[in-house]
Amino acid sequence: MRNASSGGGIVIGIDPGMARTGYGVLRRCDPHPVPLAFGCIETESNHRPARRLLEIYEEVSLLFDRYTPECLAMEELFFSKNVTSAMRVSEARGVILLAAEQRGIPVTGYTPNQVKLAVTGSGRARKDQVQEMMRRLLRLQELPRPDDAADGLAIALCHINMVR
């Protein structure tokens, strides 16, 4: 375990994107994982792509350094008709993978359908259904917003459930 003082291993879930990268940080605890943090890394559309990637890299690096996760769970790129959008997501995934590799953090990927199925029981769940299930399962007072943050939590929870 990389974070001995935590009382349980830390899993970070990431939903990568160029404009918005959602994340969720969970500590494994029985009977229920404990949410430590969630949110979004947002980049400005008027910035150069290289600068936006640097911002994502730096913010994700700060998350990794603060929480010293035992693993990273990340959403896999799914086929998209918009090639430009798919390329941007791939670039964001690349800098996140680099930050994880530099710290020796193992990475596991999950498809959007795997995540939805694991946390809602349906691979076709809507964004609002994922948000509501994260609120219930993680005993949050309010819905995690924006939906990218809820996705980050869902990816982390999916991983915890898959490795049990």
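**Stop 1: Thr68**

Select Thr68. This residue is partly exposed, with a relative accessible area of 26%. The model you are viewing is predicted. Find Thr68 in the loop between α1 and β4 (71–75). Now check its backbone. Thr68 is not a glycine, yet its phi is positive, at about 35 degrees.

**Stop 2: Arg139**

Is Arg139 buried or exposed? Arg139 counts as exposed, at 54% relative accessibility; the cut-off for exposed is over 50%.

**Stop 3: two cis peptide bonds**

Stay in the loop between α4 and α5 and select Pro146. A cis peptide bond joins Pro146 to Arg145, with omega at about -10 degrees.

Then jump to Pro31, in the loop between β2 (20–27) and β3. Which residue does a cis peptide bond join to Pro31? The partner is Asp30, and omega is about 5 degrees.

**Stop 4: Thr43**

Select Thr43, in the loop between β3 (34–42) and α1. At 8% relative accessibility, Thr43 counts as buried. The cut-off for buried is under 20%.

Show the neighbours. Leaving out residues up to four places away in sequence, Thr43 touches Met18, Ala19, Arg52, Glu55 and Ile56. Two of these neighbours deserve a distance label. What joins the side chains of Thr43 and Arg52? It is a polar contact of 2.8 Å. On Met18, pick the backbone oxygen: a polar atom of the Thr43 side chain lies 2.5 Å from it.

**Stop 5**

Glu55 and Arg51 form a salt bridge, and their closest N and O atoms are 3.2 Å apart. Both residues belong to helix α1 (residues 49–67). They sit 4 residues apart, about one turn of the helix. Arg51 counts as partly exposed, at 39% relative accessibility.

Now select Asp65 and Arg103. This pair also forms a salt bridge, with 2.7 Å between the closest N and O atoms. Which parts does the pair tie together? Asp65 lies in helix α1, while Arg103 lies in the loop between α2 (83–102) and β5 (107–110), so the bridge links parts that are 38 residues apart in sequence. Both ends are partly exposed: Asp65 has a relative accessible area of 48%, and Arg103 is at 22%.

**Stop 6: salt bridges elsewhere**

Move to helix α4 (residues 127–137) and select Arg135 and Glu132. Their closest N and O atoms are 2.6 Å apart, in another salt bridge. Arg135 and Glu132 are 3 residues apart, about one turn of the helix. Arg135 is partly exposed, with a relative accessible area of 26%. Glu132 counts as partly exposed too, at 22%.

Next, select Arg20, Glu42 and Asp148 together. Salt bridges that share partners join these three residues into one network. How many salt bridges are there in the whole structure? A search finds 11.

**Stop 7: where α3 meets α5**

Finish with two helices. Two packed helices are described by the angle between their axes and the distance between those axes. Select helix α3 (residues 112–120) and helix α5 (residues 147–163). They pack at an angle of about 75 degrees, and their axes are 9 Å apart. Angles of 65 to 115 degrees count as roughly perpendicular, and α3 and α5 are therefore roughly perpendicular to each other.

Show the side chains at the contact. From α3, pick Gln114, Val115, Ala118 and Val119. From α5, pick Ala154, Ile155, Leu157, Cys158, Asn161 and Met162. Colour them by type. How many are nonpolar, polar and charged? The residues of this contact divide into 8 nonpolar and 2 polar, with no charged ones.

Terms used. Residues numbered from 1 in each chain as written. Predicted model: local features only at pLDDT ≥ 70, side-chain atom pairs only at ≥ 80, totals over all residues. Heavy atoms only, no water. Salt bridge = Lys/Arg side-chain N within 4 Å of Asp/Glu carboxyl O. Buried < 20%, exposed > 50% of the residue type's maximum accessible area, 1.4 Å probe, protein only. Polar contact = N/O pair within 3.5 Å; in protein donor to acceptor, adjacent residues only side chain to side chain. Contact = heavy atoms within 4.5 Å. Axes fitted to C-alpha atoms, helices over the stretch in contact; angles between N-to-C directions. Parallel < 35°, antiparallel > 145°, perpendicular 65-115°, else oblique. Nonpolar A, V, L, I, M, F, W, Y, C, P; charged D, E, K, R; others polar.
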